[in-house]
Amino acid sequence: MLLGPALGVSALLFVIGVGGVLLRRNAIVIFMCVELMLNAVNLTFVSLAQQLGPDGQVIVFFVMAVAAAEAAVGLAIILAVYRHKESVNLQDINLLRG
Amino acid sequence: MREILFWAFAGVGVVSALLCVTRRSAVASALWLVLTMCALAGEFLLFDAQFLAIIQVLVYAGAIMVLFLFVIMLLNLGRGGPSDLRGWFGRAVAVLLAGGIGVQLWALVRAVRGAGGFAGETAAYPLPTGELARMEQTRGAVGMVADPLLRQYLVPFEITSVLLLAAIVGAVVLAKRKI
Amino acid sequence: MPPVIEFVWLVVLLPFVGFLANGALSFWKPDAKRWVSAIGVGVLVAAFVVALAVVREVAVIRPGEPYIVSLWSWMPIGDLHVDVAFQVDQLSAVMLLVVTGVSMLIHIFSVGYMGADRGYPRYFAYLNLFVFFMLVLVLGASFPILFIGWEGVGLCSYLLIGFWYDVKTNADAGKKAFIMNRIGDFGFLIAMFMIFKATGSLAFDQVFGSASRVFAIGGPTITAITLFLFLGCTGKSAQIPLYTWLPDAMAGPTPVSALIHAATMVTAGVYLVARTNLLFAMAPISGAVVAGVGALTALWAATIALKQWDIKKVLAYSTVSQLGYMFVGVGVGAISSGIFHLVTHAFFKALLFLGSGSVIHALHHAYHATHSHDDPQDMRNMGGLRRWMPWTAGVMWVATLAIAGVPGLSGFFSKDEILAETFIKGHEHPVFYVFWAVGALAALLTAFYMTRMMLYTFHGPSRAGAEEQRHLHEAPWVMTGPLLVLAAGSLLGGVLNLPEILPGAGWLKEWLEPVTSAGDFFRPEAHLTPGTEWTLLGLATLIAAAGMLGAWRLLKPAGVVRAADAPAETGFQRVLLKKWYIDEIYDALVVRPLVWLSEKVLWRAMDAGVIDGAGVNGSARVARGFGAIGSWLQTGQVGTYVFFFVVGVLLMLRAVTRS
């Protein structure tokens with residue numbers, strides 16, 4: 001069965017996504033790494049659906065829908081911030097400094 | 001056969017993910033991510049999730065990533081500027097933390113396997129081998145997903161539609177120049 | 001217990017009710033003078049009548065043990081049981097009559113003296129409250145109850161000295177009295193603690209019952225206890241070193257000076273020593289200390305009185321001096337002699353104060369008519385007043401003769417008794433001869449300065465202006481009446497305790513025998529030979545005559561000048577006038593260092609520096625420091641937040657995999 005390796009690949013992709021989030025400063029690229037993490041999780045669900053039923057695939061469906069909504073709103077926010085700061089570099093977005 | 005395909009798609013996916021994370025140009029990162037998604041779509045096919053594979057390509061790779069590219073173009077971030085990766089300290093931290101999570105996940109997987117998990121010992125799971133494929137034969141690829149979706153998960157389905165509406169309105173409001 | 005004695009609490013309650021009623025009137029109907037007079041004097045008359053009934057009962061029964069009327073249990077704490085209880089025996093009977101009787105007369109006097117005062121209801125409220133506390137003091141059956149009365153009369157003294165509180169010096173005098181008393185009270189409290197530790201009780205009957213078992217005669221414990229008790233007495237009864245408040249207390253209304261600072265409150269110390277005479281009998285050193293301090297105070301105050309010009313100050317120092325005599329009496333173990341002098345002194349000193357009150361009242365009235373700003377209490381502004389105030393002059397002469405020790409009057413017998421007992425004790429230890437000599441010298445000075453006072457006030461040419469003279473007149477009968485009653489007491493009071501060589505002798509001594517018998521066990525029995533006794537009597541007569549005649553001859557009333565025009569005193573006379581500069585010495589030695597300590601150390605260093613700086617502000621700074629550390633985390637950088645986010649996920653995963 002491919003379940004073990006599939007979970008391993010999914011974990012690997014997830015870890016790469018985490019690394020990307022911590023590594024990059026460009027807001028859009030960070031966002032993309034988050035999408036990568038979501039995809040890794042989707043793979044997990046799909047591979048487990050083989051053993052546990054089609055419910056896993058339904059969950060993937062929902063994840064995709066939510067990811068779409070999130071991407072739309074998130075990119076709109078980045079656009080709005082860019083208009084103020086002329087930059088999407090996270091280091092420049094620090095007005096909430098305490 | 002299935003195994004070979006699996007490892008091929010997996011390899012492509014992982015490599016393009018790595019490249020996505022490390023490119024200087026945002027457009028390059030986006031495109032590598034598209035490739036990763038397509039690889040994953042292939043994986044989905046191998047796991048009897050044909051409907052999802054198509055949806056993955058159509059929605060994820062085709063719509064969401066296109067949206068990303070639109071925004072990147074709009075903000076004129078296409079050309080590679082100065083690298084936006086963090087310094088050597090940041091990289092060390094990232095590697096450490098990501099590695100830490102990796103280790104934990106691996107331990108988790110091993111724990112599940114130890115409890116009577118996968119790779120041959122399917123006695124712990126409710127569905128026998130190939131059951132999903134048989135379901136697909138009877139109800140069709142779409143039906144297999146649609147049936148639970150519109151019966152058991154009807155309420156979340158409707159709520160998701162409201163969520164999408166809210167996202168649309170929010171995106172429009174946030175991105176407009178003048179309200 | 002006879003039913004009348006069971007009601008002794010009624011005597012105590014009546015003045016308290018008067019206080020409440022007059023207090024209420026002072027708030028809501030301050031113009032209701034008739035009500036105030038009726039209530040204020042009425043409760044005292046009623047209290048006196050009940051007191052008479054109680055004392056009559058005691059006289060009939062002549063109990064060997066005191067009656068204890070227990071009202072309720074106040075402090076049942078562990079081993080300590082203090083009840084609110086009154087003790088009725090021969091000693092408290094004497095004190096009861098003195099307090100209620102003299103208070104009653106002074107209340108009546110006050111109706112006339114304070115009639116025109118704005119604070120009339122408040123005055124009577126405080127005065128009634130004072131009588132209440134004084135009765136609690138003399139009737140208390142245990143040290144705490146006595147102490148309540150002790151403190152209470154101190155409070156009323158403060159309230160009444162500073163009665164005209166809008167003048168700062170009056171308020172200061174009130175404070176001085178209260179604070180000096182407090183120093184003495186500290187001694188009283190220490191003594192109470194020690195007594196409880198040694199005997200396990202604070203009730204008189206239990207303490208005195210177990211005293212001979214618990215204390216070693218002449219031992220350090222009993223000596224310490226009695227010395228601490230005496231410290232309390234020096235405060236309350238104005239002996240050296242805590243007497244300086246009493247002359248200042250003359251700032252209060254004159255009836256207050258008569259009641260509180262002559263007849264009753266200041267005698268509380270003498271009463272305390274008399275009540276605890278068993279303890280003092282077991283500590284001969286303390287007895288000697290008491291007698292010595294008393295003798296020294298008697299002489300010291302007499303020297304100061306020689307040169308005072310304010311008539312009330314003369315009487316104040318005279319009071320301090322006479323209190324010294326009382327302490328000499330109780331110090332040498334002659335309890336009945338000390339109490340005898342307490343009673344006679346109450347008569348003639350109250351009389352002297354009230355009389356001076358009449359004089360001051362008259363001068364005040366005259367100055368009011370002529371808009372003069374002279375001091376109505378300064379003797380240099382008086383002179384020849386017997387022409388206008390014959391009755392007042394007459395009764396005051398009676399009192400002066402009594403206090404000077406002219407044979408036949410009460411003061412002669414009481415003072416002589418004390419000096420005789422002191423002389424007897426000379427057999428045991430020669431120091432008592434010294435005390436006797438000091439007392440005799442003080443008696444000489446007493447006769448001298450009292451005659452001086454009378455000469456300057458009532459005789460010689462009048463130093464008041466012609467206009468003022470037209471307004472001088474005798475006091476109204478409501479004021480002169482009580483004076484006559486007190487004069488009768490001063491005249492005839494001697495019969496209470498005639499010396500042994502005369503028939504009908506020692507009536508008071510016999511009356512107080514049940515109270516003093518326990519202590520008498522430890523006192524060596526001694527008697528004077530008739531020859532010695534007659535010699536001493538003769539000597540006392542000589543001293544009185546010498547003092548009075550000396551004053552009559554040496555002092556020239558005609559040579560006295562009005563206060564406004566008088567030259568400043570010089571030399572030794574100035575030292576006496578300035579009271580040996582004791583107040584200034586106390587100020588430099590005690591008050592200033594204390595104020596410095598409070599301000600520089602306790603306020604600046606401790607309160608502002610340590611408590612405010614380190615404690616309050618310091619903990620605020622620490623909290624803010626923690627907050628600063630916390631805000632260091634708020635970088636505003638999303639990257640930092642993501643970092644912590646991931647760390648959190650990592651930790652959660654660890655937790656999940658562990659379980």
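A salt bridge is a side-chain nitrogen of Lys or Arg within 4 Å of a carboxyl oxygen of Asp or Glu. With that rule I looked up the pair of chain B and chain A, and the count came to zero salt bridges.

**Basis.** I am working with a predicted model, in which local features need pLDDT of at least 70 and side-chain atom pairs count only at pLDDT 80 or more, while totals for chains, interfaces and linings use all residues. Residues are numbered from 1 along each chain as its sequence is written, chains are lettered from A and ligands numbered from 1 in the order in which they are written, and side-chain values use heavy atoms, with hydrogens and water left out.

**Chains B and A.** I next looked up contact (heavy atoms within 4.5 Å), and found 79 residues from chain B and 66 residues from chain A taking part. The two chains bury about 6,800 Å² between them, 79% of it on carbon and sulfur atoms; buried area is the accessible area (1.4 Å probe) that two parts lose on being put together, summed over both. I sorted the residues of chain B that touch chain A into 55 nonpolar, 13 polar and eleven charged. In this sorting Ala, Val, Leu, Ile, Met, Phe, Trp, Tyr, Cys and Pro count as nonpolar, Asp, Glu, Lys and Arg as charged, and the others, Gly among them, as polar.

**Chains C and B.** Here I found ten residues from chain C and eight residues from chain B in contact. Chain C and chain B bury about 780 Å² between them, 85% of it on carbon and sulfur atoms. C:Leu650, C:Leu653 and C:Thr657 supply 55% of the area that chain C buries against chain B, more than any other three residues. The side of chain C that touches chain B has seven nonpolar residues, two polar and one charged.
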